[in-house]
Amino acid sequence: MFAKDFVWGVATAAYQIEGGAREGGRTPSIWDVHCRKEGAIFNGNTGETACDFYHRYKEDIALMKEMGIGAFRMSFSWNRILPEGTGRVNAAGVDFYSRVIDELLNSGIQPYVTLMHWDLPQALYERGGYMNRDFAQYFAEYAQTVAKLFSDRVKNFMTFNEPQLMLGAHRGSGKAPGLCLTDVETAPIAHNILRAHGKGVLAMRAASKGHIDIGMANQGCFFYPAEETPENIEAAKRATFEYRLPNWYSSLPWYADPIYLGRYPEPLLSRLKKYLPENWEDDMKEICQPLDFCGQNFYNAYRADENGNQVAEPAGAMYNAEHWNVSPSGIRFAAKWLYERYKLPVIITENGMCCHDWVSLDGKVHDPQRIDFMQRYLLELDRAQREGAKIGGYFCWSLLDNMEWNLGYRPRFGLVYVDYKTQQRIPKDSAHWYKKVIATQGESLREV
Ligand code: GBH
């Protein structure tokens, strides 16, 4: 069903799993600071210990090996590597990631490294964060450092995870740094993040030993057609790429068009041009660097009618434990549209579901809905490739239950259950199921 070289992975992020927040010379990121604010995080949870991956990475890598996982998407904590954000390199931080990478490679698992998954070093936030035009330069320095130190062993990188949500964090989403800014401030922030991506890619290519694949893991607001008629499909595609809703910062094309096509999308550009920094056009060439894949996180899409207007889910629709709608056809349309528009192999860098998981009396964790969710989404992904889209891989979010940002430890997204008190890991039914999917290259997806 899926090709032999199809990449079967699981995805994670540093702040959500590592813990060891005060160990090995690590300084705080904006998330450490945010978690200390009264009422900012569900139940006052923090990532101080998280899944303790910092100490338990060997055990977790062994679990992946047992599952037959081919690739591990992880992120590096910028402030573990460069405690001041720029300048001094922290040997203990580099050593930690080095040990993780070696353990992965020795287990036959390819590391896919995200340079920054939301955890901006606090030291850089205090220098203006993304608002500072020099942010792009700081990021390039970090990217170059990582490429120098790791490109002999790591062959796949992503610059940022979900710039959409990084902007959302500045628009009152409750994520760090917990600001609520207007278009005047956020349009330049988005522009600086895109510039950082471009400069980062250039710096990595220049510093890397041999060829490395580079992409970005985007989020985005997709629509799926309520009825699969040609008109409705066209309308859903238009709603996705000619984004017209007020929350432009959640859209896909505001970030994807510049990095893949070298231009901001209309009609959003007409709306936001006045907020962009002077001479923004001069930056577009640097922002649009050749990339090797189109990384896309995909959880759900919104339902659109034949006029491209968002409509409510039908009564009795499927939802995850956090009430996000489940829309399997959405991943098929997303993959096809992305490949058609950006002409790069698509990698689903995240997809998964949070369920109401707990340990049953038999000591196991039964998660039939996660299995059904993944089966539905993977079957649709297979259909997308049969209909012409080139798909390079699929990463399940997530290996472990983990620290879900401002929602704390409430949502459980893992294939492996984590008892946060004892740090015991219990592979859920879905972990065994995914193992079989991988071993059969997707053939077992046909079994219902
Ligand atoms: C990702 O963000 C992050 O990269 C990752 O760190 C995180 O743990 C993971 O997903 C799980 O959340 O309109 O109510 O249907 C996901 C961003 C934002 C995607 C909300 C789904 C749907 C909300 N998500 N969105 S809803």
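In what follows, Ala, Val, Leu, Ile, Met, Phe, Trp, Tyr, Cys and Pro count as nonpolar, Asp, Glu, Lys and Arg count as charged, and the others, Gly among them, count as polar. The model is a predicted one, in which local features need pLDDT of at least 70 and side-chain atom pairs count only at pLDDT 80 or more, while totals for chains, interfaces and linings use all residues. Residues are numbered from 1 along each chain as its sequence is written, and side-chain values use heavy atoms, with hydrogens and water left out.

For Glu162 the distance from a side-chain N or O atom to a ligand oxygen is 2.9 Å, for Tyr299 the corresponding distance is 3.1 Å, and for Trp397 a polar side-chain atom lies 3.2 Å from an oxygen of the ligand. Taken alone the ligand exposes 590 Å², and the protein buries 83% of that, with accessible areas from the Shrake-Rupley method and a 1.4 Å probe, only the protein chains shown counting as cover for residues.

The ligand sits in the largest pocket, in the sense that more than half of its atoms lie within 2 Å of the pocket's grid points. On a 1 Å grid over the protein atoms alone, a pocket is an open set of points with protein on both sides within 12 Å along at least five of seven lines, a cavity is a set where a 1.4 Å probe fits but cannot get out, and lining residues have an atom within 4 Å of a point. The largest pocket has a volume of about 670 Å³, a volume being the space filled by probe spheres set on the points, which are joined across faces, edges and corners. Among its 29 lining residues, Glu162, Leu165, Lys175, Gln219 and Trp324 are the closest to the centre. Helix 8 gives the most to this lining, with 3 residues; helices (H or I, at least four residues) and strands (E, at least two) are DSSP runs numbered from the N terminus.

There are also 2 cavities of 30 Å³ or more. The largest cavity, of about 50 Å³, has a lining that includes Ile30, Trp31, Leu165, Met166, Ala176 and Pro177, and helix 2 (30-35) and helix 8 (163-168) each supply at least two of its lining residues. That lining divides into 9 nonpolar, 1 polar and 1 charged. The second largest cavity, of about 40 Å³, is lined by residues including Tyr299, Asn320 and Trp324.

Two cis peptide bonds complete the tour. The bond from Ala176 to Pro177 is cis, with omega near 10 degrees, and Pro177 is placed in the loop between helix 8 and helix 9 (183-207). The bond from Trp397 to Ser398 is likewise cis, with omega near 15 degrees, and Ser398 belongs to the loop between strand 10 (391-397) and strand 11 (416-419).

Definitions and conventions: A polar contact is a pair of N or O atoms within 3.5 Å; within protein, one must be able to donate a hydrogen and the other to accept it, and residues adjacent in sequence count only if both atoms are side-chain atoms.
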